[in-house]
Amino acid sequence: MCFYVKHHIDIFTGIPDVRWEGASCQEVEPVDPDGWSILSRCQYQDMLHHAFLYDFRKTDTFNVYVPAGTHDFGGVSWLNNPYGLIMPISNLANNILPHEIGHAFNLEHTWAGFDGTNCERVTRDITNMNFNADVAGDYVVDTAAVPRFDIEYCWVNGLPYSDCAGRTGNEYYYLNTTTCQYVGSNGGCGGDDYIIFESDVRNFMGYTRCDSPRTFSIGQGVRIHETIEYDISNRFSNTQTTIAALYEPYIGSYPMYFPLMLSSDHVK
Ligand SMILES: [Zn+2]
């Protein structure tokens with residue numbers, strides 16, 4: 001279960017948005033015996049701050065921090081930013097890693113704004129006065145307007161979203177998770193009937209129970225490419241290399257901080 005919170009912080013100059021794939025942090029948790037090895041959502045900002053301060057961040061690299069585990073979130077990434085992605089070991093080989101990398105390359109959730117006032121309309125006819133797929137939702141035209149499948153039941157019935165969490169039986173209520181077909185008939189933004197294909201159910205940037213395969217759309221690929229190409233925040237140009245370079249062995253060095261970083265290791 002993921003709960004989306006768009007949170008603005010000011011600690012890191014120039015990094016505007018952070019995505020928490022977990023419940024919102026209500027209070028700062030006390031230091032625990034695991035330190036940052038088993039990370040909680042209330043600790044990761046401190047960890048990143050430390051990494052930035054003591055040069056455990058490479059500005060010419062896509063940085064992925066891998067704690068041994070997490071208490072209460074699946075992954076963290078920053079929109080349009082390659083510097084602060086956090087993935088626990090347990091999620092390195094499933095669909096969460098490409099999901100978080102998608103955020104880093106400026107992809108929004110496919111359901112973005114579905115319960116808001118400026119929601120993405122269903123029509124893909126650019127001559128239709130309701131067409132807004134290029135400026136609403138995830139800003140990608142070839143991903144359908146979709147609800148957040150896990151909580152749609154609660155949205156439709158006016159229930160708190162917590163009533164659709166934690167295997168309550170209400171999660172993914174309108175999703176046939178065997179066939180991966182959307183079976184709801186509630187009407188989407190503006191009252192339009194949703195037009196949702198299996199590829200939308202399987203999209204990496206939605207919330208779903210349908211894996212293997214998950215996919216990105218061509219439009220999402222274009223948005224990623226344009227994020228790198230235009231690089232309006234000047235964060236990706238230094239990370240680019242040649243295809244040939246990918247076949248060369250890594251010639252750098254790895255910092256020694258296993259099993260745990262010592263305070264003396266922090267200062268370079
Ligand atoms: Zn996400």
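**Group meeting: a walk through the predicted model**

Let me begin with the contacts in the protein, where two residues are in contact if their C-beta atoms, placed from the backbone, lie within 7 Å: of the contacts with a separation of 6 or more, 55% are made by residues 24 or more positions apart. Please keep in mind that this is a predicted model, in which local features need pLDDT of at least 70 and side-chain atom pairs count only at pLDDT 80 or more, while totals for chains, interfaces and linings use all residues. Residues are numbered from 1 along each chain as its sequence is written.

On confidence, pLDDT is the predictor's confidence in each residue, from 0 to 100, and the protein averages 81, with 82% of the residues scoring at least 70. Over residues 1-23, however, the pLDDT is below 50, although this stretch has 44 contacts in the model beyond near neighbours in sequence. The pLDDT also stays under 50 over residues 262-268, for which the model has 6 contacts beyond four places in sequence. Where pLDDT is low, the predicted coordinates should not be read in detail.

Turning to the fold, the secondary structure comes to 5 helices and 9 strands, taken as DSSP runs numbered from the N terminus, with helices being H or I of at least four residues and strands being E of at least two. From the N terminus on, the elements run β-β-β-α-β-β-β-β-α-α-β-β-α-α. For burial, a residue is buried if 20 or more other C-beta atoms lie within 10 Å of its own, exposed if 12 or fewer, and partly exposed in between, with C-beta atoms placed from the backbone; by that rule, 31% of the 268 residues count as buried.

Two strands pair if DSSP finds at least two bridges between them, and strand 7 pairs with strand 4 in the parallel sense over 2 bridges, Val 64 having Leu 85 as its bridge partner. Strand 7 also pairs with strand 6, residues 76-78, in the antiparallel sense over 2 bridges, and here the bridge partner of Trp 78 is Asn 81. The hairpin of strand 6 and strand 7 has 2 residues between the strands, and in it Asn 80 takes a positive phi near 60 degrees.

Helix 2, residues 96-104, has His 99, Glu 100, Gly 102, His 103 and Ala 104 buried, and just after this helix Asn 106 takes a positive phi of about 80 degrees. The C-alpha atom of His 99 is separated by 9.9 Å from that of Thr 215, 116 residues apart along the chain. Thr 215 is in the loop between helix 4 and helix 5 and is partly exposed, with 14 other C-beta atoms within 10 Å; leaving aside neighbours within four places in sequence, Thr 215 is in contact with Ser 199, Arg 202, Asn 203 and Phe 204.

That loop, between helix 4 (198-201) and helix 5 (218-230), also holds Pro 213, and the peptide bond from Ser 212 to Pro 213 is cis, with omega near 0 degrees.

Finally, two aspartates. Asp 55, in the loop between helix 1 (44-53) and strand 4 (64-65), has a positive phi near 65 degrees and counts as exposed, with 12 C-beta neighbours inside 10 Å. Asp 231, in the segment after helix 5, has a positive phi near 45 degrees and counts as partly exposed, with 15 such neighbours inside 10 Å.
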